[in-house]
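User: Please take a close look at one part of this model for me. I would like to know how it sits in the chain and what surrounds it.

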Amino acid sequence: MMESLLIANRGEIARRIIRTAKRLGIRTIAVHSDVDAGMAFVRKADEALPIGPAPARDSYLRQDRILEAARRSGAEAIHPGYGFLSENAEFAEAVMAEGLVWVGAPPAAIRAMGLKDAAKQRMIAAGVPVTPGYLGEDQSPERLQREADTIGYPVLIKAVAGGGGKGMRRVERTEDFATALASCRREAASSFGDDRVLIEKYILSPRHIEVQVFGDTKGNVVHLFERDCSLQRRHQKVIEEAPAPGMDAVTRHAVCQAAVKAARAVDYVGAGTIEFIADASEGLRADRIWFMEMNTRLQVEHPVTEAITGQDLVEWQLRIASGEPLPLNQDQLSITGWAMEARLYAENPATGFLPSIGRLDHLRLPDTLRIDSGVEQGDEVTPHYDPMLAKLISHGASRQEAIRKLCEGTGKVEVWPVHSNAGFLVRTLRHPDFLAGAVDTGFIERHVEDLVPPGGPAEAVLQAAATALLPKQSQDVWTALTGFRLNAEIDRQVAVDIGKRPYLVQVNGAQTTVRMENGVLFHDGEAWEFGTPRAGHAGHGGGSSDGAIIAPMPGIIIAVSVAKGDLVKRGQPLIAIEAMKMEQVLHAPFDGTVAELKACLGSQVVEGSLLVRIEGDG
């Protein structure tokens, strides 16, 4: 076993690796960008070295600076985590050329599985079924359009070098293909430096099933069963679980053996995940499950596999990288209970899940769940990296118990003033279809009105705010509001501002449980600032309803599709803005004319700035 380990990553996964390494007596070295100098993962490491400015291309993607940090620190091994350089074959080779231990997949396997088109061709040769589509070299828009038309809509455009949900677009009609292709290629070039794509038939009732595999240097390969990652938004996973609902023993055996076959086909070593797409229109069946891609690294959702198998997958990685055989053989691995993971993001569901940045003045995470967190109270959420704050993981004897534990714990999440998706997660976990296991990749899109309901705060929040502002009673209530219960017989109307909107609340003394801290109410994962109404306060001001297109987040303008004076139609794309590795397209709210255009291609904008103003035709 190595004695020192440099983690070439940041945030949650860096802390996760540090935790296991320290348990094994391994000295840990963190590397960090300038903006991350005060983050929790830096504080937890035994040593930390700076590697450059905030942009990942100038720090976490700089191979030379990471290798120099390894030399300076005397590290024996490098663990890349996930993302950044974790699936970069050149970096893996450079690490090994330095005489360091690479805690990752062999460079040849990374290359074999790194490009989606080549990986599919290899799987076809190995006898692993793949989804129908186009994998050709001709990348002209005309050829891609013809192939999509031949396959039949809907289709999925995917970057051949893609991953993490980036560089993917679903296209419903031939008329929309060219625009989607251009957007996909922009994002692929920005994220991966490669704008080539492939086309796949989009499965109408898709389930995302993946299998955890491990190989060692002795030629042994095992699987650690499947995970269901179907609950996604914009092709990024939101809630994962293991095992997969509705998976019978026969189908599990077939899928897991196909995953082992895929890993053997590339002489795989270390942790990897074989991802499958399943047509679940008739339930999970072995003949309706196809290979999609392989991730040659540890997955974000690996904790659910750890929970049902009782194994530490980071420890497995470190032991295998040290030349040890697999800790267990296939017959020694089994499933115990059910596990779920919810990803807690710094984003605002009410504004289309746009990223939220700022200082975490208040952060409270439940102590009833396993928490893999990248931040602590007082840390800063910046626009430079993925907005995930933490992973919330539950384990129970049954799926129902795992859901109950995760739902209760997530409802106790408190984040302020940064927005989070905790309330959205709670509503998802309570949804009848989710409880019944009726989940596919279109679940969130179908149920978005239930999961992100319009309107203001819940009645419990209104009652708590109004009661706190009751004359002559406010001080007593403020003192008692930590987990308070309302029982008083009160009949009063109280004016209150909640979330910058005025409400007139009839206080009814109904029982409820809401937490308050520093003028913020926390309830079911939501956070609401409140106070007495401001003079002349009339609720929300301007927005898209009056033709003003406002920057929903700080970012860079990457596309401007209109000019001043242009006529536009409702829903027409106007501006594309990029931040936190996400592209957000802003559309015309109604038919009209571009009266003002403040956005310029390549310019940096701040949240709330006017980009475009549309004047209606009427």
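Analyst: Start with helix α17, residues 459-468, where nine of the ten residues are buried. Buried means under 20% relative accessible area, against over 50% for exposed and partly exposed in between, with a 1.4 Å probe and protein chains only. Among the buried residues of α17 are V461, L462, Q463 and T467. A helix here is a DSSP run of H or I with at least four residues, a strand is a run of E with at least two, and both are numbered from the N terminus.

A word on the source: this is a predicted model, local features need pLDDT of at least 70, side-chain atom pairs count only at pLDDT 80 or more, and totals for chains, interfaces and linings use all residues. Residues are numbered from 1 along each chain as its sequence is written, and side-chain values use heavy atoms, with hydrogens and water left out.

Next, a helix pair. Helix α7 (residues 141-151) packs against helix α8 (residues 177-192) at about 120°, with the axes 11 Å apart. Axes are lines fitted to C-alpha atoms, for helices over the stretch in contact, and angles run from 0 to 180 degrees between N-to-C directions. In the contact (heavy atoms within 4.5 Å), P141, L144, Q145 and A148 of α7 meet F177, A178, L181 and R185 of α8.

Last, a sheet. Four strands form an open, antiparallel sheet in the order β30-β37-β35-β32. Strands pair if DSSP finds at least two bridges between them. β30 (548-550) and β32 (567-568) are at the edges with a single partner strand each, so one side of each has no neighbour in the sheet. β30 pairs with β37 (residues 610-616) over three bridges. There, I550 has L610 of β37 as its bridge partner.
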